[in-house]
Amino acid sequence: MEVFNKIAIANRGEVAVRIIRACQELGIETVLLHSEVDVNSIAYRMADETVCIGPAVTAESYLNIEANVQGAKSMGADAVHPGFGFLSENADFAKAVEDAGMVFIGPSPESIQLFGDKISAKKLVEKAGGPVIPGYQGEDQSLHRLLKEVEAIGYPCIVKAAAGGGGRGLKVIRKKEEAKEAIASAQREGLSAFGSDQVFLEKYLDQAKHIEMQIFGDAGGTIYCLGERECSIQRRHQKIIEEALSPALDEMLRQEMMDVAKKIATAAKYKGAGTIEFLLQKQEFFFLEMNTRLQVEHPVTEFVCGVDLVKAQILTAQGLSLGWQQEFTFHGHAIECRLYAEDPYQMGLPSTGRLGSCMWPHGPGRRFEVGFAPGDEITSFYDSMIAKVIVWDETRPRAIKKMRETLKQTVVFGVKTNIPFLLKILEHPEFVSGEMTTKFIESHFAKALKAPGVTDDVQKIIEDLYQKTGDSKVTEANTKMKEPNPFESSWERS
Amino acid sequence: MKEWTLEINGKKQKIFVEKLGGKLWYHLNGETGTFQPESKYGSGQSAKANTDPGVIVAPMPGKIIKINCQKGDVVTSGQSLVTMEAMKMEYALEVDIEGTIQEVLFNEGDQVGLGQKIVVVKGSSDGSEKN
């Protein structure tokens, strides 16, 4: 076993805070690798030590391998935790950390590479007996062959530039007549954007749920599966609400999917936290991708399994076995809502600015993962997620109710948040029934929410009251003294 | 932040209020809102939001990644003139009127601040209608 005295955190925001807490509880010192602007954050104030690794622009700071490795090394860190996003799934970074004599808290660079490549990942899954989305990614790119493959896959089918990530060069073919033009178009886009007209074909699942299995390989080589999360509530491939477990799976299907997930992780000799994403349509599931890192939505799994995934990651990196129960018993239901700094009445337009007072209404089964405190600046350089609200209760209906109440009592001043949008989703019949698919947002919330608009009366009352109670200059300090806020935990202001 | 209990339609409700940068923010009945106060307890500056539909302004700070029009172009209502990027997301800025592009004040790649004018469109019906 290797003992860590100091861990460097190559990330920011709420996940950096999450990792620092885990380190504190394990008695490990922390050094935060941060950009110039992120001195205004909770993680900066909480970390034992800090090193600036570059300017606000991510390419020069959070995505800069050399700066991160040097920063960690110069402070004498034994290990580096990459969090999620940024360099967390970058095999070169994992290797650079190891080459510098530190431990990368995550899977091996080989595992990251294996799952990072869509084709090698698919091959491994097929070898492990996992179902993959029917498709074609062969060398023969003749139109004749591609059209034949489209026929074999069936409709709807997607054609996509093989070289690109995300949705670039992706076309949906709904019927035979559309195939030729869609292929030509994807080839053109691929050629102009990535310099390659190579395309691949895939069955298009248009009524699918996003179900992902949390797996964990400990240092002793044991592979655990901690059940699933459902993340069907997405907007532009960005998850908004996640829950564990999924209301769509019965015991049999769950067991089957868990077995497949375990087989995939075992075949890769996987170590650390990982998530295997599937699309589930009409009781049929298909491998989507494997994320070789901690997920944003890991707290819902922690709630229903009773584990601490971040501490488990650190212990695993130190060479310790976890000794978890081989088969998890799941307790109750957990839901996570991501709080984005955006205007819910303008289709989620980012809202930036200095954060004013906040109230996080703590209570049983309520967890807040917050990265910024009053006075901190929310800038346009990074993802707009400023916090996560996670609740647990005995059943799904109770958890939904608890989430609604929690969000209604949550106050964030200074930047607009998506709370009104989240509340609308939480009361939508399709969400409540558990039948939602990944098309939920675009089918039900294609248009911006209508702003409620404060009445003139209420506006007048607020202004009058403000006038009566004194000067317009409200400092944080005297607000606190006059009206102590029982909801605020001490760390949020530390 | 100030906190009061109000009685609205016979129902007691807590309200939280805070003034930030000249605006009053409030939280009432599960909803957060913000407005520009009119009284002297307001900002004191009458920085009204741009309401001219012919002026495309940056709704947030960010980077201009694409300009889809040039001076002299005839545009129709709903047409996307500029694509901006902020917080890793792209946003299309659309024009609300028909008209001709009179001025394009920035280039692709430029960083713009909140409320900065990017494109000016001259309405095709005469200007008097706009206001």
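Let me start in chain B, where strand E10 (residues 99–104) and strand E12 (residues 117–123) pair in the antiparallel sense over 5 bridges. One of the residue pairs here is B:Gly99 with B:Gly123 of E12(B), which are bridge partners. Keep in mind that this is a predicted model.

The two strands belong to an open, antiparallel sheet of 4 strands in chain B, ordered E5-E12-E10-E7. At its edges stand strand E5 (55–57) and strand E7 (74–75) of chain B; each has a single partner strand, so one side of each lacks a neighbour in the sheet.

Now the cores. The largest nonpolar core counts 144 residues, and A:Val80, A:Ile215, A:Ala261, A:Phe278 and A:Ala334 have the most contacts inside it. Another core, of 18 residues, lies apart from that one and includes B:Ile56, B:Leu81, B:Tyr91 and B:Val121. Back to A:Ala334: beyond its neighbours within four places in sequence, its contacts include A:Glu243, A:Val300, A:Phe303 and A:Trp392.

Last, the contact between the chains. Chain A puts in 31 residues and chain B 32 residues. Which elements of chain A supply at least two residues each? They are strand E17 (349–350), strand E23 (411–412), helix H13 (419–426) and helix H16 (456–468). H16(A) gives the most, with 8 residues. By class, the side of chain A that touches chain B has 16 nonpolar, 11 polar and 4 charged residues.

Notes
Residues are numbered from 1 along each chain as its sequence is written. Chains are lettered from A and ligands numbered from 1 in the order in which they are written. This is a predicted model: local features need pLDDT of at least 70, side-chain atom pairs count only at pLDDT 80 or more; totals for chains, interfaces and linings use all residues. A nonpolar core is a set of buried Ala, Val, Leu, Ile, Met, Phe, Trp, Tyr and Cys residues joined through C-beta atoms within 7 Å. A residue is buried if 20 or more other C-beta atoms lie within 10 Å of its own, exposed if 12 or fewer, and partly exposed in between; C-beta atoms are placed from the backbone. Two residues are in contact if their C-beta atoms, placed from the backbone, lie within 7 Å. Ala, Val, Leu, Ile, Met, Phe, Trp, Tyr, Cys and Pro count as nonpolar, Asp, Glu, Lys and Arg as charged, and the others, Gly among them, as polar. Two strands pair if DSSP finds at least two bridges between them.
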